[in-house]
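Reader: I am new to this structure, and I would like to go through it step by step. Could you show it to me before I ask anything?

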Amino acid sequence: MFSFFNESGRKENESSIIQPSTLIRPDLNLFDERSGSKICLSPNKRLAAVTDNFGRIILFDLQNMIAVRIWKGYRKAEIGWITVNENERIHKIDNENERNSKDNPKRAFFLIFYVPKRGILEIWPAQTGPRVTAFNVGKNCRLIHLDFTMFGLNYLVLKNIKKSMSNHHEFENYFQQSRCFLFNYEKAQIFTINIPFLCSFTDRNDKKARDVHVLKDLKLLFKKDDSNLETSKLLEKVIKLLLMLKTAEIRRESIEQLIKLANDCELIIFSLEKLRDHLLEMLKNNQLDFENKLIVQMCSRIIQLCHYYSDVQKQFQDNSLNEQFQRIVDESKNPPEINDLNEKLDKWSGSDLVRLLSLIAFRQSVLKPNVSNPNNSFSLKIGEFLNYFTLYYNHLFKHNQEDEMYEKLPIEVILMKEENKKSENNQGGENMPYPFLDTQSIQLERLSIFLFWSTFIGDQENIDRLLSDVCLSPSNLLLLLFNAWLNCSASNFWPCWPSFYRSFTLIIDLIVENAKISNQKQQSSSNRITSLDFSTLDLDDLHLSSSWTSILMMIYQSNNIPSTLIAIQVIKVLIARMKSDRKLSNDNADAKDADEINEDLSAKADTDNPFFNSDNEWETLHFDEENLSFLAKQLEDLFLLDLLLKSVSKDSNETNDDRKSSSSASSKNKDSISLSFILTNGPGIVSEIVARWAVHHNIEPDLLLDSKHCSESSKQDDSMAEKDLHEKFEFLIEILMQKHGIECAAIAAYKLEHLNAQSTLIEVLDHVRRCFPNCLDSDILLINCFWELLLQWNTEPLLKTKELSRALTYLVKVSSSVLRHNIASMSWRLFVQKRFATLCGLIEKMGKKPKDRISRKELEMDENDLESFCEFCTNLIDFMIRTSACSETDAVPLFTIDDWWQSFNSLSFNSSSIQTQNIQSLSSWPSNAPLALIAMHQKTANIDLLIEYYHLSQCIQFAVIFSLRNVRPFALFSSTVRGYFFQESLQSFIIDQQENAKGVALSSDPVLYESRMKFLSNVIVGIIQTLPINNVKG
């Protein structure tokens, strides 16, 4: 049966006829006798490498049908292709971060030639370029080229495999890219061939592209998390990559990346020194262009800064700075020898020195000693440190405009440079009488303290290193010196004063010397060494030099008042020294021929010395003594005010839970005062911040009264009572120690200490009152305390309900009836009236006291706080009624401005102009107007309207206290009176005379009479229900 099928199959095969082959003429051939032995296609199927019997390798372009390259002398060579992706190394090193890279990266093709007769392996770029490299591998090898995938794989199978593999590049390596291996069959070894992508850039025009890939390798070197990599190996790799760079642009970018990524200062120094030496060798051979010369100077600047940074870090690490600082603190506890200290300070004025020492001693006696070392808080990393400076310039620095400089190059601070440009652009502004008040502060505290902290505590060589080794710009160094001084606590220790003054004079002398040298050589202003211009130091001059503008700005905006006092004293000594030098030069000029020598001296003074290069006299050139003395007087007043605000510590007096809220912390931060803050906010700011301080620390109102409001007998009684109280406390401590032990005696001792602190507080407050007699008048201070308490309650009524009861205790102590009445009416309109109207509306709508949920939502108060709120409203209205008659008869108190603001141009209000305008609306007043001045110009509230408000508040208070039901408070008043409730003004209240006369006879309006009687009976019932049962029976 099976033979039948076999025979039929055999017959079909026998019947098939084999057709002869068809000759196909080649489209690409060479007209010679050579014959190709092997064809190897490129992975993209566009190129083909062919070996022939003549020992040549020919590369064909299959698309254009031309021979691209021919290699000779490669008989019996084995060839293959390798595909290299641009991001191949990136994905091998950091696959997680680069997973979302390009889907079609750049590719490069390389030809691999292995010649067995010569035992050499060569790598060539595909179409153009020289040989990449060659290896001697021996004659016993075979080149294995894999240009195919596994048998049986089609498109659908490959697509499924690609989806199953998580890494796309792994799929390309195994199934799409051509790979070559070298097999040594003698040693049984297989070698892989890896080619960097940058080897494809072999042309001169490809230098930048090649450097870009070197830069990527440098970034990957620091991003790779390899803890086992030693510093020496890392340094070798960094140096190797830096020396491979060819273009100046990529060299600059690689240096910036090295600064950013490397946290090792020594690594940066060694690598950049190698790069600089390499570039200098090229410079000797005249192979360095202009851009690369700029790179050499950039490397030198970084090396200068890194050496200084390394020295400072060593001081931090060996704890020498901490030991020096501790010695300074111990030495400052003892009073100094005035003569010795005066010699170190170059003979300051004796009175000024003694006054400064007494102020610092008084501050230390009042405040608790707080010694903090800023070394740790202001430490910088090397990258942060270098980012502060300008490291690259677009021009070469030359010595004497001839020789190029590659060592000890001048360095500038970036933010200082930008600030100078801003000041130059602002020069000539019309409406800028004080530019230092409007310019932004220079944020260089960390850098300045990092540079100068060691100088302040006694390191004499630090300033020399900054000037000679680091070569910082003297003007920038001066700004950094003041910035560091004004932002650290060194001024609290008198041993630091000579170090600051010595550094200041050294920098100033260097600036003068540089200016003389530059002027003598008559160089153009663009090529001069940067120096300060002291010729424009007049306060009224708009064209202040940029550097001194910044110094003045820092002094005016500094919160460190003791440091500003020392800084102003240093400037005063400088001006005095300049005057003496000017006088000495004039005396020498008079000793010579007046006609000839005087002209030479005047010309020399105009050209040589930067202090005297103006045509006007000395008094118009500088801060004169009046301006400096006035500024020093302001700072002394501010010193005492700052001492007052810090005299009571938070943890000693705060016992209430509400003191621990965030608002208290924020109010404390607001009281960081500075000279510009006081001047720009007007005379009302002093009373505001002192009132905020008094309220924050729960200062009693009686302590805020000045001598005007206390009689002599009361003063004597208070002093005698205080002495008796001290004696009683000391006697009590002795008894408690004998009977009850240490704990009870410690409590009494704490109370005695609190009493001593209270007497010290009164003493400091008296000193501040002498500085600000008008701003800190008792009445002004008390009304500001009252206003501050209501302001805090209005901000957080749920947490600050207790402040309402405290507020009236301050207002009652005010002596002026006008101020008492007007401030009470202002507070009612601004803080109380809106919530009181909401509460009346809720009771009118609900007929009872609102529940806690509604009270929190509508009134922002707790249900339990409604009773105290109603009591405050009733007491406040009663207070306005009692002071209404006196406010109409008493004279309006005079509001005078202290000397602080008399000559200040930015004062935005004038008392005389306000009196003519007769401003009544609170919103129309300027923001910096004093509260007392606003209160003086308010009209007296209508007493009839206040009486109606009082009746309404009593009704609401009864309804809240006794929890009355079915209460309609507005129904207890006539429609005419209801129309005047809760208006913006308290002055307009007009009622018909007949209605007013009938108001006594309630029978004229039976509905009103009935509602009032019903409400009265409900109140009586509520009162009786609150009484104890025993009392009712009795």
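Author: What follows is a set of questions and answers on the chain, its sheets, its helices and its surface. This is a predicted model, in which local features need pLDDT of at least 70 and side-chain atom pairs count only at pLDDT 80 or more, while totals for chains, interfaces and linings use all residues. Residues are numbered from 1 along each chain as its sequence is written, and side-chain values use heavy atoms, with hydrogens and water left out.

Reader: How many helices and strands does the protein chain have?
Author: Helices (H or I, at least four residues) and strands (E, at least two) are taken as DSSP runs and numbered from the N terminus. Counted in this way, the protein chain has 41 helices and 15 strands.

Reader: What share of the residues of the protein chain count as buried?
Author: A residue is called buried when its relative accessible area is under 20%, exposed when it is over 50%, and partly exposed in between, using a 1.4 Å probe and protein chains only. Of the 1034 residues of the protein chain, the share that count as buried is 46%.

Reader: Among contacts between residues at least 6 apart in sequence, what share join residues at least 24 apart?
Author: Contact here means heavy atoms within 4.5 Å. When the contacts in the protein chain between residues at least 6 apart in sequence are taken together, the share that join residues at least 24 apart is 72%.

Reader: Which residue takes a positive phi in the hairpin of strand 1 and strand 2?
Author: Strand 1 and strand 2 pair in the antiparallel sense over five bridges, with V50 in strand 2 as the bridge partner of I39. The hairpin has five residues between the strands, and the residue with a positive phi, near 65 degrees, is K45.

Reader: In the open sheet with the order 5-6-7-8, which residue stands opposite L121?
Author: This sheet has four strands with antiparallel pairing, and its edge strands, strand 5 (78–85) and strand 8 (133–136), each pair on one side only. Four bridges join strand 7 (residues 120–125) to strand 8, and the two run antiparallel. The residue in strand 8 that stands opposite L121 is F135.

Reader: Is L279 buried or exposed?
Author: L279 has its place in helix 8 (residues 265–284), and, leaving aside its neighbours within four places in sequence, L279 is in contact with R251, L288, N292, I295 and V296. The C-alpha atoms of L279 and N292, which are 13 residues apart along the chain, are separated by 7.6 Å. Because its relative accessible area is 0%, L279 is buried.

Reader: With which residues is E788 in contact, leaving aside its neighbours within four places in sequence?
Author: E788 lies in helix 30, and at 10% relative accessibility E788 counts as buried. Leaving aside those neighbours, the residues in contact with E788 are R692 and V695.

Reader: Which helices are included in what covers the buried residues of helix 31?
Author: In helix 31 (residues 802–812), the buried residues are E803, L804, R806, A807, L808, Y810 and L811. Their cover includes helix 27 (684–696), helix 30 (778–795), helix 32 (817–846) and helix 34 (866–889).

Reader: What relative accessibility does I1024 have?
Author: I1024 is found in helix 40 (residues 1006–1026). I1024 counts as partly exposed because its relative accessibility is 45%.

Key
Two strands pair if DSSP finds at least two bridges between them.
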